[in-house]
Amino acid sequence: MAIGVFDSGVGGLTVHRELTRRFPERDFVYLADQANAPYGGRGGEEIVDLTRAGCERLFEAGANVIVLACNTASAIALRRLQQTWVPEARARHGRPINVLGIIVPTIEAATGLPWTYEAERAREEGEKKEAIEITGVFCTAATAMSRVYEIEIDKRREDLAVFSEACPGLAGLIELGATTDELKVVVDEHVDALRRRIGRHPDKAILGCTHYEIVADLFAAALPEGTPVIHQPSAVADALDRYFQRHPEYLLGGSGRRDFLTSGKPGPQSELVGQFWGAPLTFQPA
């Protein structure tokens, strides 16, 4: 029995690493769908199908709770899977199982409010509270098109305006091991594009793709000094801790096991993958 962590590639290792720090005694199984990465430019139905297949593989590997450490999968596939597939999979596997995402914890961290809270809409028609703070979200094209951050943050904090900046290709460049100089050019371009679109820099930023965590220093350097950046790994770990306190029915293992699976090329991974995890890694075939 274990906690499963799924990503289209290796960016989710940034979340995985924080989860293992928070729950060192728990067993973990990580699955990277490297054969199909990245997901950001794929169609919605394809993302749902790939995510479902990855989750099924993790359930077969003994996972009881799966964290989708991928913003694209969380934005596009999670609700569909929770509503239409997880109940059937739960009955088929004969044990408590669930699939969780990383967008809910990120929105909770961005708003300072629990997911269950929604802003009261009892104002007179036509009245609109003026936004006094701007949050910029750097993410994949699919996440930006879903408008999940704009919609869900507005439900909770109308005083926060949200602008998403799609960064197509950035996750792929990171996966391919692009140099820091190459990545800096792309990050600077997107930060400046968001500034021009808003008319000023955002007051805070969300790195809405787990790959971007490895270039967080480049985003911080491109933004005005001191701009708060919401880091998904710590937000997800906080939320998962609260979830397990509410749901003691899940068996999560207690041997500290760490398994790494890939749909791509198994074996020792690149130095870049080691940077995501913090140590050399060898993947087994999924």
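Helices here are DSSP runs of H or I with at least four residues, and strands are E runs of at least two, numbered from the N terminus. Please keep in mind that this is a predicted model, where local features need pLDDT of at least 70 and side-chain atom pairs count only at pLDDT 80 or more, while totals for chains, interfaces and linings use all residues. Residues are numbered from 1 along each chain as its sequence is written, and side-chain values use heavy atoms, with hydrogens and water left out.

**Helix H2**

- The buried residues of H2 are Ile47, Val48, Leu50, Thr51, Gly54, Cys55, Glu56, Leu58 and Phe59 (buried means under 20% relative accessible area, exposed over 50% and partly exposed in between, with a 1.4 Å probe and protein chains only).
- After H2 comes Gly62, which has a positive phi, near 105°.

**The open sheet and its helices**

- Four strands make up an open sheet with parallel pairing, in the order S6-S5-S7-S8 (two strands pair if DSSP finds at least two bridges between them).
- At the edges are S6 (160-166) and S8 (229-230), each of which pairs on one side only.
- Strand S7 (residues 204-207) pairs with S8 in the parallel sense over two bridges, and Ala205 has Val229 in S8 as its bridge partner.
- Helix H7 (residues 148-156) lies across S5 (133-139), S6 and S7, running at about 170° to S6 (axes are lines fitted to C-alpha atoms, for helices over the stretch in contact, and angles run from 0 to 180 degrees between N-to-C directions).
- Helix H9 (residues 180-198) lies across S5 and S6, and runs at about 135° to S6.

**Two residues to look at**

- Gln232 lies in helix H11 (residues 232-246) and is buried, with a relative accessible area of 1%.
- The side chains of Gln232 and Asn71 are joined by a polar contact of 2.7 Å (a pair of N or O atoms within 3.5 Å; within protein, one must be able to donate a hydrogen and the other to accept it, and residues adjacent in sequence count only if both atoms are side-chain atoms).
- Not counting residues up to four places away in sequence, Gln232 touches several residues, including Ile102, Tyr149, Leu207 and Glu213 (contact means heavy atoms within 4.5 Å).
- Met145, in helix H6 (residues 141-146), is exposed, with a relative accessible area of 72%.
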